[in-house]
Every structure is written in C-alpha cells, then in structure tokens.
Amino acid sequence: MTASSSVDVAAGEPRTDPKPVVAVNNLRVHFQVKAGVVEAVDGVNFELLEGETLGLVGETGCGKSVTARSFLGLVPSPPALPPQGTIDYRHRNGGGVVDLLTLDSEAMGDIRGNHIAMIFQDPGKALNPALTVRDQLGEVFLIHRSADVLEGAGFGADDTGLGASLIRRAARLKSGIIERLLLALPPLRNRRNRLRASADRLIMEALADTQIPNPANILDRYPHELSGGMKQRVMIAQALACNPDVLIADEPTTALDVTVQARIIELISQLQRRHNTSVLYISHDLSLVRRVCDRIAVMYAGRIVEIGPADQLFARPKHPYTRGLLAAIPSLASRAGELEAIEGTVPELIDPEPGCRFADRCRHSTEMCLSAEPNLVDVDVGHAVSCFAYAPITGSDQTPPTVADPAPAAASPSPAPARATDDRTAS
Amino acid sequence: MQIRQYLIRRLLILPFLVIGVSIVVFALTRIGGSPVAIYLSHEMTPEEVTAIEERYHLDEPVPVQYFYWASGVLQGDLGWSGVSAAPVTSVFPSKLAATIELAFAAAAVAISLGIALGTYAGARRNRLPDHLTRIVAISGAAMPLFWFAIVMLIVFWVNLGWFPIGRSDPDIFASISHPTNLYTVDAVLAGNLRAFGDAIWHLILPAVTLGYGATAIIARMMRSSLVEQLQEDYVDAARAKGLPERLVLRRHARRNALMPTVTVIGLSFGFLLQGTVVAEIIFRWPGLGRWMADSVLRGDQATIMAYVLFTSVLFLVVNLAVDVLYAYLDRRVILGD
Amino acid sequence: MTSVVGAADALDGSTLYDSAARVRVRRTMELARSILSNPTTMAGLILVLALLAMALLAPIITEPNTPDPAQMPRDWGAIAVPPGSPDHLLGTTNTGGDVFYGVVWGSRTSLRLSILVVSITVTVGVIVGSVAGFLGGRVDEILMRIVDVFLSIPELIFALAIAAVLGPAFRNIILALAVVFWVKYARIMRGQVITVKRNDYVDAARVIGDTRLRIFAKDVLPNAITPVVVQATMDMGNIVLVGATLSFIGLAEAGLAEWGVLVAEGQAGISSGRWWASTFPGLMVFLWALGFNLVGDGMRDVLDPRTEKSR
C-alpha cells in the first residue's frame, strides 16, 4: 500500500506528514420519518489523510454511506435534517480550509467531480442508460476542465465573435436548443467538431488510464453494451478525470464478479498511488478491506467504534463488535473452526436509547454501558476505540465492562490503563 | 424477442380487427332503419330506389349485403352525405384537413405543455407547483370538454375578445389557394405572412382547449415518471460529477422519464380524436367532428358510418404505432443488465 | 362458511375458505381506511355524497315539475333572467327554464343514467368475462375477439353512432352507453378468472371435490370484485360525462332536465353574454365526474400498490 504515515510511537508527539485532507468533526445526520427521528449518523469523528486509503466498514444501515455522501452533499434533504458538525476540507496543495457542509450549490458543484469524486456500487445503475460513454465521461471534462478542452481544440481565450462565444458556452454545456442548432450549421460546424475531437482526446486518455484496451471503441457505446468490469472502469475514469484530492469508493466491487473485483481493486490502488489521491473506501467486506486499506474505521449504528491501522486492527481488535465481526469471517476464523455470529440485530435508530449502542448485543456489557455513550479514545498508536472497557467513566460507581483478549490472538494484551475520558477525537 | 413476436402478432391481427369494426358499422346501418338510406341522394323515384337496391343487392341475405357494401367501401364508395349533398368520399378530404390541423395543434400544445409542466412539478415534488399540477391533472381527466370549451369561449371570446372563432378570416383567405387544405401550410406556401398569422390566431383557442385533457394526463405521467427517475442511482452519480441541478434534470432524468410518457402521449391521441367532435361544434371549426355532429342530428347515416370506420382504423393504427415506438425505445434500456 | 363439500373432513379445506373470507374482510377495512386518510379521496367522497344527496332529495329541494318532473319547467314570463333573483337562484334560460331546477333534477337524471348503465354493463361484462375465462379455448378466443373489436372503436364515437342510429331519446343513450361500456368488465373478469385458475389452491379445492361454481363464488369472485368495483366507481363518473356529451350534441329529447341538454340550450345566449344557462349545468357534470374519479383513484391506489403513488 502507500507509504504509511510514519507515526511516532509515543502518543502526544506531533505527527509529521501526511496532512489530513478531510477532517470530519462530530458529524450528525438525522432523518425525519413518520415514526420519529432516525439518528443515522450520530457523532462521527475521523480524519482522512493525504494519500491514504481509509476503509469505512460496517453492516448495512450503520451509517457509512450517509457519512460518505455527506462529503458531497448527496444526502437527500427532505427526509434528512440539516446536518450538524463540520466536514473540513483542505486542498492538497495548500489553500484554506472549507466546511463542506456549509457550501452553497455552486461551490459544491465546483468540488464534486473535481476535487472530491465518488464511484458507486453498481455501475450498471450509476451510469445513465440513455447516454453514451462519450456523453457521460465528456460531461466531467466540460464542466470542470472546459479550458483544457478549448485549448486542446486550438481556441484561444481571447477569441471574439459570436462563434467563439457559442463555442465557449458549448464547452461548458451551457448551450440551449437554438445554440446547438446554430452550431450544427456549416459556418460553425467545423469549430464544433474540433471541440468535440478535443474532448474525445481527453476522454480517451482517461479511459486508457483505466487500462481499457481500445478506448475509441467504446466511446459510442451505451452502458448496457459493456461488461460489469468495463462499466466500473468507465466510472473510475469519470471520477479521476480531474485528478481529485479525494475519491470516495462506495462498495465499488460488490456488484462485480470475483475475478473482475481483484482487477478493479488493483486498478484503484495503482491510480491512487500515481496521483497520491486519498481514498475513502466503504465496504461491508472485511477481508477485502484488509487487503486494500491503510487504516480502517469500523462503524456501528451511526458511530465509529474503532479506528486504526489495518494490520493492527485485524491482529488486535479491541472493540467487542470488531472482534465479533472478525470472528465471523470464515477465512480469519480461529483454528477451532467455528464461526461465531453476533447475536441480536442492529438496534432501531429512531430515538435510540441512551448508552452504548452495542450494549444489548455485547457479551461484556454492564450497567455503565447502558448509562452513557463511550467516546473514541486512543488505546495504542493511531488506534482508538470507543468502549468503556478501555476508558471507563471516571468517578462512577458502576462496574466497567471487561473485554478479555481472545486466545489465538498474537500478543496478550491487557486493556490499556484507564485514562480520563477524552472528548477530543483521536485518529 | 418476445416483444417483436408480440408486435408482429398485433400487426397480423389488425386487418381482422378492421373487418370486425366494419361488421359492427354495417350492423349499425341495418339496425337504424332502411339500408337504402345511405345511398339516397335526393328524393328518388321508385325506379331509382329499386336500381340502388339491386346494385347493392339489398334484397339478398344480410351477409351478401355486407359483402357488397364492403367492396363498395374498398372502392371508395361510402354513400351519399345528406348533410353535404355530395358523395362522402369527395367531401372527406377537406374536412379531414381541417381536423388534422386542429388535432396537430392541440397535440403540439399538449405534448410541450404537458412535458414542461410534468418536469417542473416532478422536480419540485410535494411543493406548490407539484400540487397545482396535480389539480390540473386530476381535473383534466374528469373535465367535460363541452363545458370547458364553452367556458373558454365565454372568457376568451365573449368577455376578453382575445381570440376569434371559426377557422379563418374569409377576407384574408379569399386570395389564398388551398393545395393542402391546411390553412397554416397553405399560407406559408403562398408566402402570405398575414394569412399565416390569421390562421394561427384562429387555431390557438380551440387547440389549447382541445389539448387540455391530454395535457393533464401527459403532465401527470411525466411527473411521476420523473420522480421515479430522480430516485435512481445515476442521478446521484451525475450530481456527484458536479453537474448543476438543472443539467441533471435536463440531460439525465428527463431523458429517461420521457419514455413511459411516450405511451401516454399515444393514449392521449384517443382523447384528442374524440374531443374534436365537441370542440369543432363549439368553436365552429369546419372539420370531421362537426360534420359528424351534424350528421348525427340529421340522420345522415352514410357520414356517420364513414366517420366511425375512419376513426377506428386510425385509432388502431396509432395505438399499434405507439406500441412499436415504445418497444423500440425500450429495447435499449431493457437489453441492459 | 367453513363447511367443506365432500366426505373428507379436510383440515386444509376449511382453513382454505376461512382465510379467503378473512382476507376479504381485511381488505375492505384497508380500503375504507385508505379512503379516509387521503385528502383528495376524501374530497371526492364528500363531493359524491353531496351529489347523491342532491339527487335523492330533489323533490324536497325544488318543487317537482308537473306533470313530468324530468322535464324542465318553463316560465315564459321570466326569460333569460340572470342568477341571483329569489325565484330563480341560478337564473333562467332563453326559454324560461329555471336553471336551478335543471341543476338539481339533472343530478337525478344522471344518477338514474349511471346506475342503470353500470348495473347492466357490470352484469353483462362479468358474465361474459367469467364464461370466457372458465371455459377457455374456442369460446374464450371468440369472445375476446369481440371484446377487442369493441375496444377498437373510440368510446364516445361508438356511443354517438349507436344513439344516432337508434334515434334521439334518453333511453337510447342509456342503451348506447351500455353497449359500449360492458367490454372493460369482461376483460377484467376474464383476467381474474385466469389468474385464479392458475393458482394452486384452486386445484386443491377441486381435489376436494368442489364444483366450478363453488370455486367461482368462493375464490374468484372475492378477488375479482375489487378491480371491478374500482372500475365501476370510475364509470359512474365517466358515464355521466359521456352521456352528457351525447345529449349536448343533441341525442336526447329537448326540454329534458338533464345537464347536457341544458348546456346545449344555453349555448344560444352565450354571444349575448348570458353565460349562466350553460355554465352551471356543465359545472355539475364536471363535479360529478371529478368526485367519482377521485374516489376511484383513491381506491385504485390501495388495491394496486405497484403503480406509483403520486402523493
């Protein structure tokens, strides 16, 4: 994977690089439904660092998708109430920090597809069936890189005249019906074709980057004429067309065949390394995420329960939920050969009970767990857990839970010494 | 290709349906009084009547009569129109042209207005434009055209005086020749801008009124279809690319929402067709519909039968065409994953 | 109705019929609840009830015309009176007919028309459709071809032609509409019968020894009733719509207290600004059709959940 952040062992020493590109602070996204308010995302904190791949894992409904979509303002707003907290984004190359949650639609339009891009789970559904590959991919270039398209076609920025302004507008997808008709007429037709050719070149370049053998062949095709793998490559090409700082991958391989999955994963890593893009990788597939991600954040019922470097998380999972998940993976199961299912189901997120949301499914839960929600606290370098077993409430007369380490685990850890519960987030 | 087979089957059945309709029409002529009536052009002498009876074999059993009537129809003999005092087939074309012009204009209004309204409402779901559109849509289906037309007439002709009735200003059109009998086209062909304007001006009120019902159902379908599309993944994906909302609507959602709307547009054709009868009466439009209405009142059976036959065949053909169109458009999407 | 035909006291048999009945009850309750919860449907229901009340209470609301209340009363001393006068609330026509009377008694005429036509069409359609569905084969083919032919002719035009051929009389309008509108029910019933025929539980019933008639009564009918009822409700509205159009064109007797006739009569005064004689009766036609359409729509939304709810 990418050269990991060289984090110093002792906590408290300042980190050198890489810098965080996106910092999510106390994000809360609630939905208003007939039965009440669904607290889908409730107090999520994490940072996405430059050039890293951060995995966001959890069961269906844990809020990982909503969290990711909040980056781009893609959470449907009539059911969703205005989000609380901030999502601070800073361009890789310096520049100020901006809270993505406060952006108006124009500013957001500038970020989407350009600085922060997203690829979706089912490319068959995420591509418009009625538009060709050229149309859809071209859109990204025309919206965000129209200057490049114009330049590539040989149009100068200082060209004047009706034709020039019509062409400029066409390059930004602003042409109305009449304008398009005019551009089809002989005097302007030539220029229009040059514009198209220029766009085509950029499109094919982007497609070639995703290792599609013959990009020219698929330009005129419709999505349904392409295989699953090809479609996903088109999506990836779309997303990376403008060399974004952040790529959000929402279960990009779930809808693909296993053989194709591996290639797509490899492709994403390659491209990421090349451009030093940060990737937020959403999945419910733990074994996949282990291969792909530098760090992993485990979400449950709208909160992050554990976050840390991938290898460490898998070798020494701290949170009972994480342990439960890992115990349920066939490939990682203990030699004893038994799959353990976690009893119970995800709780109702409508007006939830106070206390740790995993409490009623947790084998180790005590009164303390039902009384308040635990915060994310560092238990190891760069590894934080939200569980009272590692950071019990001080000054309480309730007994904290105890989470013993599983037998076959590598080291024999004891829970980290009790620390004062910290309100500051850890990553 | 089940769809293709289905469509071929429909195509093959079509002639049989037409024959079936002709039988029904023929039966109607036999029910309503004397079979000779269709062919009588004036007060005929008994010998003339007998001659007609012989020519159409009206003394023989009914199936034979049908045969001769049908073959007459196929050769263009649709009887004599008492209302127009001429053979049906000679009067038909000019009336047809008038109705085509009106129906086309109404369709154009209905399609453009319906799609625009539906898109506007669908994009602003459950807000004011959506509710207003829903009211229009619901009232459209229940609207008695004859009442609506009268109200429009009262408001726009009697009270406001914005629009005229009838098809054209005779003074302006006196000098125009009528190669196509479509006044708008004829005016353009004659290069007479004033006549063209006059023709359009006369068209507006009847076309909008006639098209109201169709506008309503098209808007309704477009709206629900758009709402459906807006929930699809590719819409979010388009937004995630940074497309401004209006482009997301126009380039992506609307294009896909148009497809189911096409079927409704085809359906609304039936609406329009039947509406011409009433609309032409009220707006004094000299087309097939008014001709039919006059014939109904005067018992001019030949015209009535010809009209029923014609509209049914048209209805069948258009329905089939719409289904073919939809199957063709749908193929691209259906053949996808 | 839990007794089972046949010697075997088949446990399956009795639960079979029990649940069918219970399903029916549950569905009716759902229907009622959905109608009451939806504002547009409620509005339609209120409208319909108001119109029905008007129809039934007509003799009380206005003085019935003698000798035939279904004919418009004429007051030759009050020609073309505008609305608002105490004797003639909605004004009078060019021939002294009281518009208010026409509006109120017109609802009676419309009720008579729609009930008659709907009864005839539903009965005929259900019978033909069930026969076609059950017997299948040749009979089905022939009957459905006839239905297809009827459906090829646009409704209004078909009814127009029939009424024209029979002669201008309200009675003939009823007949014409009946001939045109029965086919929809035949289609619906046939579809329902065929669907049920395919279901396993009908086979189970036959194994127990039920006759076709019983199967029909217990399995087909309860399921099929709902789309038929929805269609019938919509038709109650549409039939008056088409009927009024026919009488507007001139196929009913002149002087009838019927909305379409009144609108036609009122036409003459329009260019001189006398709008009331046509507007009020026509409005009633609209309200009648609207009310039944709204109620029918609401019912359909419940019973056919796969169509998108445009709420």
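This is a predicted model: local features need pLDDT of at least 70, side-chain atom pairs count only at pLDDT 80 or more; totals for chains, interfaces and linings use all residues.
H13(B) gives the most, with 8 residues. By class, this side of chain B comprises 33 nonpolar, 8 polar and 5 charged residues.

The contact involves 46 residues of chain B and 45 residues of chain C. About 3900 Å² is buried between the two chains, with carbon and sulfur atoms giving 78% of that area. B:Phe146, B:Trp147 and B:Gln274 supply 17% of the area that chain B buries against chain C, more than any other three residues. The count between these chains is 1 salt bridge; B:Arg220 pairs with C:Asp297, and their closest N and O atoms are 2.9 Å apart.

Within chain A, the domain assignment gives domain 1 (2–126 + 222–300), domain 2 (133–217) and domain 3 (316–426). The C-alpha centres of domains 1 and 2 lie 30 Å apart, and their contact takes 19 residues from domain 1 and 13 residues from domain 2. These two domains bury about 1400 Å² between them, 63% of it on carbon and sulfur atoms. In domain 1, A:Arg233, A:Gln238 and A:Ala241 lose the most area to domain 2, together 31% of what that side buries. A salt bridge joins the side chains of A:Arg274 and A:Asp209 (3.4 Å, N to O).

Terms used
Residues are numbered from 1 along each chain as its sequence is written. Chains are lettered from A and ligands numbered from 1 in the order in which they are written. Side-chain values use heavy atoms; hydrogens and water are left out. Contact means heavy atoms within 4.5 Å. Buried area is the accessible area (1.4 Å probe) that two parts lose on being put together, summed over both. A salt bridge is a side-chain nitrogen of Lys or Arg within 4 Å of a carboxyl oxygen of Asp or Glu. Helices (H or I, at least four residues) and strands (E, at least two) are DSSP runs, numbered from the N terminus. Ala, Val, Leu, Ile, Met, Phe, Trp, Tyr, Cys and Pro count as nonpolar, Asp, Glu, Lys and Arg as charged, and the others, Gly among them, as polar. Domain bounds come from an automatic or database domain assignment.
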